[in-house]
Amino acid sequence: MDPADRFDAFRALAARRERTGAGLIESLAEAADGTAGGPEVWAPGVAVGLGLPAAAGLGPATFYADLAAARGRRHVRVCAAAACFAARLGQHLPEVEQALGVVAGATSPDGEVSLQAVRCLGYCYAGPACLDGDTPRAGPDIAGLLTGRPGPQDPPIPVADTTGDPVVLAGIAGGQRPWRVWPETVSARTPEQVHAEVAASGLRGRGGAGFPVAAKWAAAGRSPDTVMIANGDEGDPGSFADRLLMEAAPAQVLEGLALACFACGARRAVVLVRSEYPRALARMRAALGQAYADGHLGRAVHGSGVDLDIHLVEGAGSYVAGEETALIASLEGGRGCARPRPPYPTRQGLWDAPTVVNNVETLAAVPWIVRRGGQAYSRRGTGTETGTKLVCLSERFARPGCYEVELGTPISRIVTELGGGLKEGAQLQVLQVGGPLGGFLAPERLDVPLAEAALASHGAALGHAGLVAFDQRVRPEEILRHVWEFAAAESCGACSPCRVGSKRGLELVREAADVPPGEECARLLRVMSEASLCAFGRRVPAAVRSLARACGDRLAGWDP
């Protein structure tokens with residue numbers, strides 16, 4: 001088949017699959033916004049209208065938070081994640097409920113207002129936060145902001161580079177213009193050369209797993225049917241780096257994705273943006289349209305033999321759907337549940353095609369690496385973990401915001417010098433590192449490098465590198481309960497160890513006031529860590545144990 005005909009056939013096949021994949025989720029979202037009643041009323045008809053069995057609509061419609069949530073004419077989403085919880089000790093949610101006259105998860109009797117508790121909105125630096133429709137409101141008095149009291153509603157993300165030559169923040173703090181590397185690359189370089197530079201850089205995935213990027217690209221085999229996915233489903237409470245990049249440097253993200261496609265021989269890519277980031281979705285959509293208008297995407301870009309299409313998809317509200325196999329399942333129109341591996345996505349992923357999933361921050365580093373060379377990147381960081389990382393500091397810090405630092409920077413320096421310690425002279429109770437599946441460090445244990453291996457030796461994890469500070473106002477028991485509440489709410493339910501274990505863990509927290517956890521706790525954590533299908537269930541016990549160690553006698557029995 002002629003290459004041009006093959007590209008047309010591929011686009012036609014992909015378009016048909018999208019109508020019954022991501023197109024199903026989009027159609028369900030439209031129905032959820034415009035139809036009264038629960039998913040059982042409107043979801044079957046949506047599926048039938050797309051030529052699918054009626055049951056195909058019920059599965060995703062009852063799984064994703066955006067689809068299953070009760071909706072009034074005014075829909076308010078309030079963040080109940082770690083940073084917003086730490087900011088007001090969780091009191092902002094009942095205050096909003098009282099102000100709006102409706103409880104979370106319900107709609108007012110007249111159908112005017114609905115309220116939904118979500119995790120997370122990416123305003124960890126200024127929480128607590130909510131979305132009133134698609135309008136963000138953030139600050140100590142969000143209940144007042146929702147009912148008309150004046151105040152700052154949408155504070156920008158404070159940004160700083162500490163390296164002197166930013167990589168990921170090159171387009172935000174470094175003045176680097178996007179789409180300067182791509183035309184020269186497709187005209188004068190080979191995919192092998194681009195891949196070699198990324199391999200020399202030592203770049204690892206910044207979405208949490210830390211897998212070598214060049215190795216993942218190579219595993220797809222450079223098949224022309226390869227699909228690239230830019231994972232913008234940044235759900236770790238405490239992290240807002242991907243939101244920053246998609247809002248302030250969307251073209252840089254797209255250029256990185258295009259370069260990744262070139263290196264992998266992919267002709268098609270998908271960008272998933274979480275629905276909790278409406279501005280990021282709008283900015284990415286505008287940047288994508290501009291990229292096509294400027295000739296960076298489409299057929300024979302810049303007179304080369306490279307064809308590339310990029311499609312944008314909006315998420316539907318699920319933390320676990322950020323895991324790559326769950327993300328693929330959601331793009332195919334199913335419930336966002338993790339799948340067993342093998343087969344790995346690089347061999348059999350989206351629509352059974354070889355699929356490479358990279359997160360937004362990972363892709364944003366690629367243009368700098370291709371332009372400056374892999375060796376220049378590898379000279380930063382540590383010997384085994386090279387490069388830079390975006391670190392997010394939560395609202396409790398004196399100077400919250402997003403900082404680009406070299407890997408290996410001591411966390412104590414990030415907390416005290418960059419973050420300025422805690423605001424108003426508050427004392428640190430415990431520091432959460434790397435999101436809900438990361439871990440906790442005690443105040444006296446912060447002299448550890450920001451690197452995966454070093455953090456792992458302290459029972460924590462790098463993850464998205466969000467740092468959430470809990471001050472002395474918060475009791476350790478409340479933090480522990482919050483961890484288990486997150487686990488119980490966000491487990492996808494695909495495997496029994498996590499589905500049952502997360503709920504039982506929450507029950508044990510509630511019972512612990514009367515009966516200290518004992519052998520059942522040890523057994524529960526062991527089963528979850530050894531038998532859960534994906535990293536979500538396997539990492540919850542590690543987070544619980546690290547919190548218990550950081551808090552000492554206050555949580556005795558939770559680190560069996």
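**Entry 1**

I looked up His-302 and found it partly exposed, because its relative accessible area is 31%; partly exposed lies between buried, under 20% relative accessible area, and exposed, over 50%, with a 1.4 Å probe and protein chains only. The model is predicted: local features need pLDDT of at least 70, side-chain atom pairs count only at pLDDT 80 or more, and totals for chains, interfaces and linings use all residues. Residues are numbered from 1 along each chain as its sequence is written, and side-chain values use heavy atoms, with hydrogens and water left out.

I noted that His-302 has a positive phi of about 55° although it is not a glycine. I placed His-302 in the loop between helix 14 and strand 9; helices (H or I, at least four residues) and strands (E, at least two) are DSSP runs numbered from the N terminus.

I then turned to His-296, which lies in the loop between helix 14 and strand 9. His-296 counts as buried because its relative accessibility is 8%. Leaving out residues up to four places away in sequence, I found that His-296 touches Trp-179, Trp-182, Pro-183, Ala-291, Val-301 and His-302; contact means heavy atoms within 4.5 Å.

**Entry 2: the sheet beside that loop**

I traced an open sheet of four strands in the order 9-8-7-10, with parallel pairing. Strand 9 (309-314) and strand 10 (355-359) are at the edges with a single partner strand each, so one side of each has no neighbour in the sheet. I recorded an average twist of 20° from one strand to the next; angles run from 0 to 180 degrees between N-to-C directions, and axes are lines fitted to C-alpha atoms, for helices over the stretch in contact.

I found six bridges in the parallel pairing of strand 8 (residues 268-273) with strand 9; two strands pair if DSSP finds at least two bridges between them. Ala-269 stands opposite Ile-310 of strand 9. Helix 14 (residues 278-293) packs on the sheet and touches strand 8 and strand 9, with its direction at about 165° to that of strand 9. I also saw helix 16 (residues 360-372) lying across strand 7 (227-232) and strand 10, at about 90° to strand 10.

**Entry 3: a helix pair**

I examined helix 21 (residues 496-511) and helix 22 (residues 519-531), whose axes come within 10 Å and cross at roughly 150°. Helix 21 is therefore roughly antiparallel to helix 22, a term for angles over 145 degrees. From helix 21, the contact residues include Pro-497, Cys-498 and Leu-508, and from helix 22 they include Glu-520, Leu-524 and Met-528. By class, I listed eight nonpolar, three polar and two charged residues in this contact; Ala, Val, Leu, Ile, Met, Phe, Trp, Tyr, Cys and Pro count as nonpolar, Asp, Glu, Lys and Arg as charged, and the others, Gly among them, as polar.

**Entry 4: further backbone checks**

I found a cis peptide bond from Arg-119 to Cys-120, with omega near 0°. Cys-120 lies in the loop between strand 3 (113-118) and strand 4 (129-132). Another cis peptide bond joins Gly-127 and Pro-128, with omega about 0°, and Pro-128 is in the loop between strand 3 and strand 4.

I noted a positive phi near 65° for Ala-465, a residue other than glycine. Ala-465 lies in the loop between helix 19 (452-456) and strand 15 (466-471), and is buried, with a relative accessible area of 0%.

How values were computed. Angles under 35 degrees count as roughly parallel, over 145 as roughly antiparallel, 65 to 115 as roughly perpendicular and the rest as oblique.
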